[in-house]
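Hi,

Here is the structure I promised to pass on to you. Have a look at it first, and then read my notes below.

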Amino acid sequence: MSRRANHIVLTTIQPPAVLAGIRENLQAHGHLASTAVWVIGDRKTPPAAAEWCCWQAALGLDCRYMDIDAQDAWGRAHCPALYARLPYDNESRRNIGYLLALADGCERLISMDDDNFPGGDDLVGGHQRVGESLTVGTLHEPGGFHNICEHLEIFPHRPIYPRGYPFKRRNDKNCSTRRAAPGGARIGVNAGLWLREPDIDATSWLNGRVDALSYRGPDCAVLAQDTWSPINTQNTCVTRELIAAFLCVPMGFELPAGRIERYGDIWAGYFLQAVIGGTEHHVSFGSPVVEHRRNPHDYLCDLRHEFWGILLTDWLVEQLRERFAPSAGPIPQRVRELGDFLRQISRDQLPASYPAQVRDFLLETAATVELWAGACEVIDHEQSNQQKCDDFGGWQHHAAA
């Protein structure tokens with residue numbers, strides 16, 4: 001396969017109609033030749049999904065479909081210990097796509113959902129700020145969190161918050177002050193926003209439907225490292241170096257009152273923001289804006305799946321912000337420090353009211369985080385060596401000519 005700078009990864013359990021919109025957007029803005037798309041199936045994904053991918057490939061999109069058999073073969077060959085921890089019928093299947101993009105030499109990884117359709121914005125062009133030097137000031141919030149939904153025009157008008165926003169901070173309004181850009185700072189992550197049906201939690205949807213009519217914020221706003229926001233996997237780009245910090249945490253662990261679900265991407269975003277503290281990397285948000293044509297949802301069912309995520313996220317984010325201080329240089333080593341930290345707080349800081357199964361889940365997550373760091377390290381090293389071999393071979397051919 002030819003190496004391309006931009007790799008889009010999405011999961012689906014249906015024929016991915018979004019691919020036509022992605023291809024048209026890439027073609028319109030001149031990114032078709034520089035972009036590959038990985039479509040990661042699951043056990044519920046129909047055979048027609050592969051046909052859709054072949055159809056779009058015939059129209060010029062570099063589209064690569066991975067069914068479960070292909071995932072099993074690749075995962076067990078390249079990262080068996082990690083792969084054994086990625087459950088079927090789970091959003092964390094997208095991690096296979098992340099590793100495949102890493103192995104294929106991506107410079108930027110764009111994570112999307114199959115119900116987020118490109119609009120008029122340049123999808124790849126908007127995300128290409130990832131990796132660039134920071135030239136604007138950063139936004140600081142006194143409460144430590146910035147509500148990106150305040151930049152959306154909502155109908156009917158009412159306060160909403162992105163899924164994963166701490167409930168303890170939901171009475172705060174944005175009160176940003178601008179700081180000068182730190183020397184040497186770069187954009188490591190870009191979170192694009194979403195119109196039509198915003199990514200809010202089940203408690204908000206149960207209070208009534210809302211429509212996001214427009215994005216009223218700046219094209220690119222950058223958060224200070226002490227100011228966080230939930231980051232999902234619907235329209236988010238990370239630089240290659242930060243893939244090792246962007247594990248979509250496997251969900252589905254059985255807890256009293258139901259499994260924990262729907263927070264794998266939210267924890268990925270918070271883990272990433274914790275890991276990059278003190279580095280050159282910063283989080284930006286704004287464009288490209290996509291249209292979220294939300295797949296059918298049962299919001300009472302969503303609430304049951306989000307219950308433990310809601311409870312644990314407030315506590316977990318507080319621990320990360322107040323107690324986690326990574327000291328290593330390389331990102332994979334910082335992620336290993338995160339694994340150690342999760343193990344420590346599950347022993348020493350877990351509230352007494354939480355059942356023992358929560359500790360088991362955190363210990364499981366700590367081990368998975370460390371295995372993810374190791375897998376990314378190995379694959380990145382292998383790809384780098386392959387690139388050097390390819391470059392040397394090209395030089396030899398040029399010299400001989």
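To start, is E197 buried or exposed? E197 counts as buried, because its relative accessibility is 8% (buried means under 20% relative accessible area, exposed over 50% and partly exposed in between, with a 1.4 Å probe and protein chains only).

Before the rest, a word on where the values come from. This is a predicted model, in which local features need pLDDT of at least 70 and side-chain atom pairs count only at pLDDT 80 or more, while totals for chains, interfaces and linings use all residues. Residues are numbered from 1 along each chain as its sequence is written, and side-chain values use heavy atoms, leaving out hydrogens and water.

Salt bridges

Side chains of opposite charge can pair when their charged atoms come close. A salt bridge here is a side-chain nitrogen of Lys or Arg within 4 Å of a carboxyl oxygen of Asp or Glu, and by this rule the count comes to 27. E197 has such a partner in R209, with the closest N and O atoms 3.1 Å apart. This pair links distant parts of the chain, 12 residues apart: R209 is in the loop between α7 (202-205) and β10 (211-215), and E197 is in the loop between β9 (186-196) and α7.

D62 counts as buried at 16% relative accessibility, and R64 counts as buried at 7%. Both belong to a network of salt bridges that links R4, D62, R64 and D104. Another salt bridge joins R294 and D302 at 3.9 Å, N to O, and both of these residues are buried.

D265 lies in helix α8 (residues 264-275) and counts as buried because its relative accessibility is 2%. Its side chain makes a polar contact with the side chain of R163 at 2.7 Å. (A polar contact is a pair of N or O atoms within 3.5 Å; within protein, one must be able to donate a hydrogen and the other to accept it, and residues adjacent in sequence count only if both atoms are side-chain atoms.) A polar atom of the D265 side chain also lies 3.5 Å from the backbone nitrogen of T233.

Two helices side by side

How do α8 and α9 lie relative to each other, and what is the angle? The axes of α8 and helix α9 (residues 299-323) come within 10 Å and cross at roughly 10° (axes are lines fitted to C-alpha atoms, for helices over the stretch in contact, and angles run from 0 to 180 degrees between N-to-C directions). The two helices are therefore roughly parallel to each other (angles under 35 degrees count as roughly parallel, over 145 as roughly antiparallel, 65 to 115 as roughly perpendicular and the rest as oblique). W267, Y270, F271 and A274 of α8 meet L312, T313, L316, V317 and L320 of α9, where contact means heavy atoms within 4.5 Å.

Helix α1

Helix α1 (residues 18-28) is mostly covered, with 8 of its 11 residues buried. Just after α1, G30 takes a positive phi of about 75°.

Happy exploring!

Note on methods. Helices (H or I, at least four residues) and strands (E, at least two) are DSSP runs, numbered from the N terminus.
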